[in-house]
Each structure stands twice: as C-alpha cells, then as structure tokens.
Amino acid sequence: MGVTSLSLDNPVFSAFVTYAVLVILKTMIMSFFTAYQRMSNKAFSNEEDVASFKGGKKFEVIRYHPAVERVRRCHQNDLENVIPFVLLGLLYVASGPSLWAALLHFRIFTVTRFLHTLIYLNGVRQPARALSFLSGVAVNISMAVAVLGKGTF
Amino acid sequence: MGVTSLSLDNPVFSAFVTYAVLVILKTMIMSFFTAYQRMSNKAFSNEEDVASFKGGKKFEVIRYHPAVERVRRCHQNDLENVIPFVLLGLLYVASGPSLWAALLHFRIFTVTRFLHTLIYLNGVRQPARALSFLSGVAVNISMAVAVLGKGTF
Amino acid sequence: MGVTSLSLDNPVFSAFVTYAVLVILKTMIMSFFTAYQRMSNKAFSNEEDVASFKGGKKFEVIRYHPAVERVRRCHQNDLENVIPFVLLGLLYVASGPSLWAALLHFRIFTVTRFLHTLIYLNGVRQPARALSFLSGVAVNISMAVAVLGKGTF
C-alpha cells in the first residue's frame, strides 16, 4: 500500500492515530470534570442523582450552576472542534500529505486544544481563549482545503 | 490485505461496522424521542414550531421542560460517548487487535450504551446510570490505550 | 485495491471526501455565527468575554438570548446529524455501493443540510425545517441499512 492508506504502514496515519487519541481522551475527561463540579457544588440535573448524593432526601435539582456550566461549555467546544479534527484528519491522511506537513497540522491542533481547555477552565482573560480556539479552526480549515483539492463531485 | 485493513475483508472491521451502526442509530433515535416529548408536552424552543402545533396562535416558547431536558441530556451523553467510540473503534481496528478482543470491546460498549439509555429515560436510581456510563468509558479507554501502543509521535 | 477501499483510488471515496468536508465546514461555520450573535447582542456566557467586550467593566453574563440560542440549536442539530453522516458515510463507502447510489445519498444529504441551516436561521415556517431535517435522517438510515447488510455480529 502507498503513502495514502489508512493503515499503520503509512507513517502519516501512524502519527495521526496518536494525536487523534490524545485529543479524544482530552475531550472525554471533561465528563469527569463535570461530575466533579456537580458533586462538589451539589448541583445535579437529575432527581435520581440528587437522591443518591444527598442522603436520600428529595432536594431540588439545580438547573444552572456557573462552575458546572463552564466545564460543560468547554466540553461542548471540544465536541464542536475535536470531532471535526479527527474526521477531517482521517480524510486528510487519505489525501496523501507529506509527513512534515501532516505532523505540523496534528501538533498545532493538539497543543492549542490542550491550551484551550486550560485557558477556559481557569477563565484566563481574552484574547487567550479566542486565539487557542482560532488556531484549531485554522488547522481544520487547512486540512479541509487540502482534502477538497483531491476530491471529486 | 492484512488483518489491520479498514475493509470488509477484515473480520474485525466487518464486526465493527455492525456495532458502530447500531450505536449511531440508537443516538439518532433520541431526536425523535425529543420531538415526541416536545409535542406531547407542548414545549417548543422555536416560535415557528409553536405556531405550527398550536393552531397558528402565538404562544410562548418554553425554554425548559423537565421531560424534554431529560431526553436531551441522554442524547448529549450519547454524542459525548458514542462518537468517541466510533472514532476510537476505527483506529483500534486499524491497530490490528484479535477478533476475540475486538468483539469483547464492541459488545460491551453496545450493550451498556443501550442499557444507559433505558436507565436514563426511566430515571432508574443510581448507581445504575453511573455504572452503564463508566462501562462505556472503560471500553473507550481500553481501545485508546491499544491504539497509543501502536502509534508514533 | 477494489471499489470498497477507503482511498482516493476508489471513485466513491473520492466523491465522499468532498461532500463530507463541505458539511463539516458548514457545521464549523456555526461557531462564527454564534460569536457574531454574541457580540452584536452583547450576550456573553463567560465573565472574561464580558470584560473584554465591554471596556473592562464588570457587566453580568447573559445566560439566554433568543438570537444566540437559535444559532446554537442549529449548530447542535448539525452535530447530531452531520457527524453521523460522516461516520456512516465512511462505513457505507467501505461496504462498496455503486457510485450512482452513493452520489445520490451524498448529494441529497448535503443539499438538505445547507437548506436546513438557511431555514433554521431565518425561522421559516414549518414544516420546512422538519422536512429538511427528515431528508438528512432518511439518507443516514439508508446508509446504515446498507452497511448492516454487509456487517457481521
């Protein structure tokens, strides 16, 4: 198989899987940050969760807690950007980029996405979050353009 | 082609596509459960939906209805877990696992995800939902680790 | 390699990458529509965003603005439908459909998804949005069924 295959024989794919897994794991960790914030703030969305964490008493669910919602917005932003990265990345690998160009895309995305989470969860002042977000978007658009140049209609 | 290829000649991929499609369809069905709850509770988010279902009169949109939001949280949890499963699963198949190990991963995830939905929509008491959620996460992490062991930086 | 491979040698895959990239880019653009609505309506979710856009003064965050939430619901609907399309599409390509059938699926989904966004953002009266949504779902289910017919358990 050639350099465009979706197989570990292809060094571009072999690198892609590592970065893809790292950003997917980072996204999944947000669930646990949310759970932690819900427990430490006693802010649950479901009656059965309230019952389980408050000694069986029937407290009210809390629809909005700032600390919980901040983690959830960060998680949502991951879904909106990391999933497109992995999907576009797969197609980009199949389009046969040079290893050098591909690593540049994968590394910039991965680093700026981890930074985005640190910045978001700590409420660092703007434009820190905007810049880390836009870096990831730029990588995704660059991969999208490369793929469009190879596809057909 | 070898056992690692993303093709139906590979029995691992051939099994993966079945389980991946089942959990994606399960996720998509949530849209219809949401629509059903919106209609039966007359709880719409958009003015044009209110107009269409309430005889053209201008009722107010309802921003929050408990029955609607429960389905939506369940759908969101699917997006946060099923999409990573399919993406990690694709990369995992390419990493060349044994059919036995792969089937174990795919089946545990699929069964616990269907259980998760049943448990969530019926508000079964904890830790039922937590356990079904964590089973899926464990499968995803196990596949992620397997892939990381084969990837390069 | 044969007609089922996930490689640009396969004309079905070659067409798929184009339509997949188009709908992913459409989904990503929603982030910028949201940002535009947040800025023009001064409706920010994060304190650091309020500080940056209102001259450093400590205004309150706004949890709900109708124009922002409409864009966000549209974005969410994309996540719930476009991501399944790309995932199912990849598996569908691997199942070896005819180019004619595949193009029909990809084109109907792409056209109706762009229409869905236009209809949603402009609040066109129902059943316009419902029909554009259901067309995309029908394409996804059709691809899912085709894949299930080729997979194993």
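In this predicted model, helix 3 of chain A, helix 3 of chain B and helix 3 (66-94) of chain C each contribute at least two residues to the lining of the second largest cavity. That lining consists of Leu79(A), Ile83(A), Leu79(B), Ile83(B), Leu79(C) and Ile83(C). By class, the residues around the second largest cavity are six nonpolar, no polar and no charged. The volume of this cavity is about 30 Å³, and the structure holds two cavities of 30 Å³ or more.

The second largest pocket has a volume of about 610 Å³. Its lining is made up of 26 residues. Nearest the centre of the pocket lie Ser31(A), Ala35(A) and Arg38(A) from chain A, with Asn77(B) and Arg129(B) from chain B. Two or more lining residues come from each of helix 1 (11-40), helix 2 (47-53) and helix 3 (66-94) of chain A, and from each of helix 3 (66-94), helix 4 (99-122) and helix 5 (128-148) of chain B. Helix 1 of chain A gives the largest share of this lining, six residues. Sorted by class, the lining of the second largest pocket has ten nonpolar, ten polar and six charged residues.

Methods:
Residues are numbered from 1 along each chain as its sequence is written. Chains are lettered from A and ligands numbered from 1 in the order in which they are written. This is a predicted model: local features need pLDDT of at least 70, side-chain atom pairs count only at pLDDT 80 or more; totals for chains, interfaces and linings use all residues. Side-chain values use heavy atoms; hydrogens and water are left out. On a 1 Å grid over the protein atoms alone, a cavity is a set of points where a 1.4 Å probe fits but cannot get out, and a pocket is an open set with protein on both sides within 12 Å along at least five of seven lines; lining residues have an atom within 4 Å of a point. Grid points are joined across faces, edges and corners, and a volume is the space filled by probe spheres set on the points. Helices (H or I, at least four residues) and strands (E, at least two) are DSSP runs, numbered from the N terminus. Ala, Val, Leu, Ile, Met, Phe, Trp, Tyr, Cys and Pro count as nonpolar, Asp, Glu, Lys and Arg as charged, and the others, Gly among them, as polar.
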